[in-house]
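Subject: Structure handover, salt bridges

Dear colleague,

Please find the structure below. My notes on its charged side-chain pairs follow.

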Amino acid sequence: MNVTGIHHVSAITGSAEKNHHFFTNVLGMRLVKRTVNQDDTSSYHLFYADAVGSPGTDMTYFDIPMASRTYPGVSSISNTAFRVPTTDSLHYWKNRFEELHVKHDEIEKRAGRDTLYFEDEEGSRLMLVADNGEQGVAAGVPWTGAGIPEEHAIVGLGPVTLTVRKSQKTIDVLEKVLGFKKVGEYPNRTGAELPAIQVMSVAEGGTGAEVHIEERPDLPPERPGRGSVHHVAFRIPTYEEYEKWDERIRSFNLVTSGEVDRYYFRSIYFREPNGILFELATDEPGFATDEDMEHLGEGLALPPFLEPRREQIEARLRPLEIKQ
């Protein structure tokens with residue numbers, strides 16, 4: 001059994017309103033689910049994705065208004081990339097970022113691909129990567145509801161970068177447990193004396209199925225806060241495979257959460273040896289389970305096991321001033 005790529009990435013915001021503005025109005029992604037953190041229902045959980053909420057396209061944020069700033073370091077998911085169609089798309093986004101005063105770097109090569117690093121107002125470390133016709137995990141469906149031209153729209157999640165103190169322990173889990181293989185490496189742009197960043201790929205490969213491993217023995221552990229990433233989830237294509245994964249992970253002496261039903265997908269959580277939280281999540285049933293595709297994200301959606309508590313949950317939530 002192998003996972004088949006990146007399913008989603010979940011991070012922390014100190015302001016759901018600013019976060020929503022950035023991901024919908026600046027990046028042009030679609031809010032496909034407005035719900036709550038199922039482990040703390042006093043907090044919103046927002047999901048941004050492609051036009052139809054495809055697995056492998058959604059970036060999610062937990063709203064924690066009191067979140068402090070992030071102090072970067074090891075044992076962290078230090079960068080999340082988003083796929084765009086071409087290098088021309090990167091130039092479109094670079095111009096857009098300049099017009100909208102979004103912090104960004106120049107376009108540069110990483111792992112042989114053209115990329116553009118940028119940050120939101122909370123310091124989320126993000127990147128655009130150009131597919132340029134590369135074969136691999138299929139891209140999502142462009143969302144043009146925010147006015148981004150279809151030929152330049154974000155079409156999914158790209159590689160995630162893990163920053164760790166000892167890379168081999170993380171690589172062992174990716175290879176032996178999840179089925180990744182090393183397909184390359186590239187220099188660490190922070191300094192020539194640092195180890196090269198390792199490129200791990202799984203299944204069909206390509207930008208939607210990669211994890212990059214940065215070894216940084218010189219850094220302290222990350223102190224997470226607003227803009228930091230909570231976990232990365234990998235795709236499980238079928239329920240049949242899902243039912244076998246918990247036993248498989250435990251066979252490698254890793255502690256798991258057991259099977260967790262999130263309603264929009266089913267999950268299993270565990271930490272790899274450097275302390276980064278991994279999730280495995282099923283492709284099905286998806287975000288249209290309780291809302292029409294045309295109206296995703298417009299109201300507060302609660303899974304059936306929370307619906308009886310709706311009145312209590314809504315009473316504890318702060319008002320959220322966002323518009324589609």
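A residue is called buried here when its relative accessible area is under 20%, exposed when it is over 50%, and partly exposed in between. Please keep in mind that this is a predicted model.

Salt bridges in total: the structure holds 23.

R235 and D283 form a salt bridge, with 2.9 Å between the closest N and O atoms. This pair links distant parts of the chain, since R235 belongs to strand β13 (residues 229-236) and D283 to strand β16 (residues 277-285), 48 residues apart. Both R235 and D283 are buried.

Salt bridges with shared partners also join D105, E108, R110 and R189 into one network.

Another salt bridge is formed by the side chains of R262 and D39, at 3.1 Å from N to O. Here too, distant parts of the chain are linked: R262 is in the loop between β14 (260-261) and β15 (265-271), D39 is in the loop between β2 (30-37) and β3 (40-49), and 223 residues separate them. R262 has a relative accessible area of 13%, so it counts as buried. D39, at 62%, is exposed.

R216 pairs with D218 in a salt bridge whose closest N and O atoms are 2.7 Å apart. What is the relative accessible area of R216? The value is 10%, under the 20% limit, so R216 is buried. D218 has a relative accessible area of 46% and is therefore partly exposed.

Regards

Conventions. Residues are numbered from 1 along each chain as its sequence is written. This is a predicted model: local features need pLDDT of at least 70, side-chain atom pairs count only at pLDDT 80 or more; totals for chains, interfaces and linings use all residues. Side-chain values use heavy atoms; hydrogens and water are left out. A salt bridge is a side-chain nitrogen of Lys or Arg within 4 Å of a carboxyl oxygen of Asp or Glu. Helices (H or I, at least four residues) and strands (E, at least two) are DSSP runs, numbered from the N terminus. Buried means under 20% relative accessible area, exposed over 50%, partly exposed in between (1.4 Å probe, protein chains only).
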